[in-house]
Amino acid sequence: MTARGGRGWVDTVKFFSVCTLFLWGLALTGAEPVRTWTDLQGRSMEASFIRYSGDKIVIKRTDGREFTVSPALFSAADQEYLADLKKAVDVSNQTNGKGVVDNEYFKGATIVVSVKGEVSIDDPSKGSGGSYSEGKYSSEAKVKEGDILPTGTQIKVGAESEAILLFSNGTITTIGANTQVSVRKFLQEGFANSEKKVSDLNEEVSSSILLLDLQVGELVVDVRKLKKKSNFEITSPLGVAGIRGTSFRLSASADSTKLSVLNGRVDFVSNDKKANQVGAEKVLVSSREKEPVINDLADAQKQSIAQTVARAKKEAEEISLSTLRDKL
């Protein structure tokens with residue numbers, strides 16, 4: 001295992017004490033989540049996964065230094081973690097002539113475009129990044145416009161509040177009041193810098209895997225046409241919505257899920273594996289212990305979804321693809 005700066009794996013591990021690792025972990029303010037990696041000799045270090053690079057991976061230590069390393073050097077548990085990521089990506093080192101590596105996947109970026117009212121995230125990797133109360137640090141921190149949200153964090157939107165998020169593949173999501181949602185996984189293929197605006201996109205920027213968990217509340221989502229290799233799913237307490245290219249509203253509670261599709265199509269698979277295709281201007285209502293029902297979408301709901309999507313697009317219209325690329 002080699003590090004930028006000339007230290008080998010053994011020297012690097014010896015360099016750290018438990019105390020130093022702890023202090024660096026508290027000081028870390030970047031967007032990448034941190035985990036403990038263990039090698040085959042049982043030595044460990046704190047670092048975050050950055051991307052695949054060929055048959056190796058790139059990880060970043062808590063002091064900002066990056067390592068390119070073979071997964072074979074890690075413990076069985078770490079290799080299992082990497083194998084799960086590997087299922088979502090097919091990495092090669094063939095360049096496309098534009099300074100971008102084909103099939104090289106990065107952690108996608110979730111950009112906060114707009115915040116109204118009380119919006120926070122629960123990010124355990126930030127340690128003391130939140131508040132201090134009763135002798136303990138809280139991992140909850142307020143969200144502001146321009147923040148990049150780490151994958152794995154839970155987003156909480158309070159009463160009479162709202163947040164608009166732009167994902168680096170071009171998808172825009174408006175999170176309604178009293179909503180809890182998390183970005184469970186977001187990987188995206190690299191792409192070239194361009195001054196083209198997000199508002200001009202008809203198709204996502206590059207192939208991506210985006211998985212959201214909606215525990216409770218409401219999302220209005222506008223999805224550019226996805227590439228063939230891409231996968232976008234939103235789980236709810238009663239099932240999973242699979243998306244390709246569409247605008248829709250998804251509302252969820254512990255006992256019901258309501259999927260309202262303005263255009264395109266969304267496939268909804270209930271927890272008992274029953275599949276429903278919800279087409280344009282249709283609404284699906286799924287309630288616990290009842291069969292899902294699909295009806296026509298009311299005109300008032302069509303207008304509401306369209307207005308929410310238009311407002312979100314306007315908030316993000318001046319963001320360029322170069323900006324998205326820089327956030328990966």
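Let me begin with a definition: buried means under 20% relative accessible area, exposed means over 50%, and partly exposed lies in between, with a 1.4 Å probe and protein chains only. What we have here is a predicted model, in which local features need pLDDT of at least 70 and side-chain atom pairs count only at pLDDT 80 or more, while totals for chains, interfaces and linings use all residues. Residues are numbered from 1 along each chain as its sequence is written, and side-chain values use heavy atoms, with hydrogens and water left out.

I will start with the charged pairs. A salt bridge here is a side-chain nitrogen of Lys or Arg within 4 Å of a carboxyl oxygen of Asp or Glu, and the structure holds 18 of them.

One of these joins Lys144 to Asp147, with 3.2 Å between the closest N and O atoms. Lys144 is exposed at 54% relative accessible area, whereas Asp147, at 16%, counts as buried.

Another salt bridge brings together the side chains of Arg311 and Glu162, at 2.8 Å from N to O. Because Arg311 lies in helix α4 (residues 299-316) and Glu162 in strand β14 (residues 162-167), this pair ties together parts that are 149 residues apart in sequence; helices (H or I, at least four residues) and strands (E, at least two) are DSSP runs, numbered from the N terminus. Arg311 is partly exposed, with a relative accessible area of 38%, and Glu162 is buried at 17%.

Within helix α4, what separates Lys302 from Asp299? They are three residues apart, which means about one helical turn, and their side chains meet in a salt bridge of 3.3 Å, N to O. Asp299 is exposed, at 57% relative accessibility.

Now to the nonpolar side. A nonpolar core is a set of buried Ala, Val, Leu, Ile, Met, Phe, Trp, Tyr and Cys residues joined through side-chain atoms within 4.5 Å. The largest one has 34 residues, and those with the most contacts inside it are Ile155, Leu212, Phe232, Ile234, Phe248 and Leu259. Strand β17 (residues 208-222) gives the most to this core, namely five residues.

If we take Ile234 and leave aside its neighbours within four places in sequence, its contacts, meaning heavy atoms within 4.5 Å, include Leu212, Leu219, Val240 and Phe248. A second, separate core of 17 residues includes Phe106, Leu201, Val205 and Leu324. As general background, nonpolar side chains tend to be buried together in soluble globular proteins.
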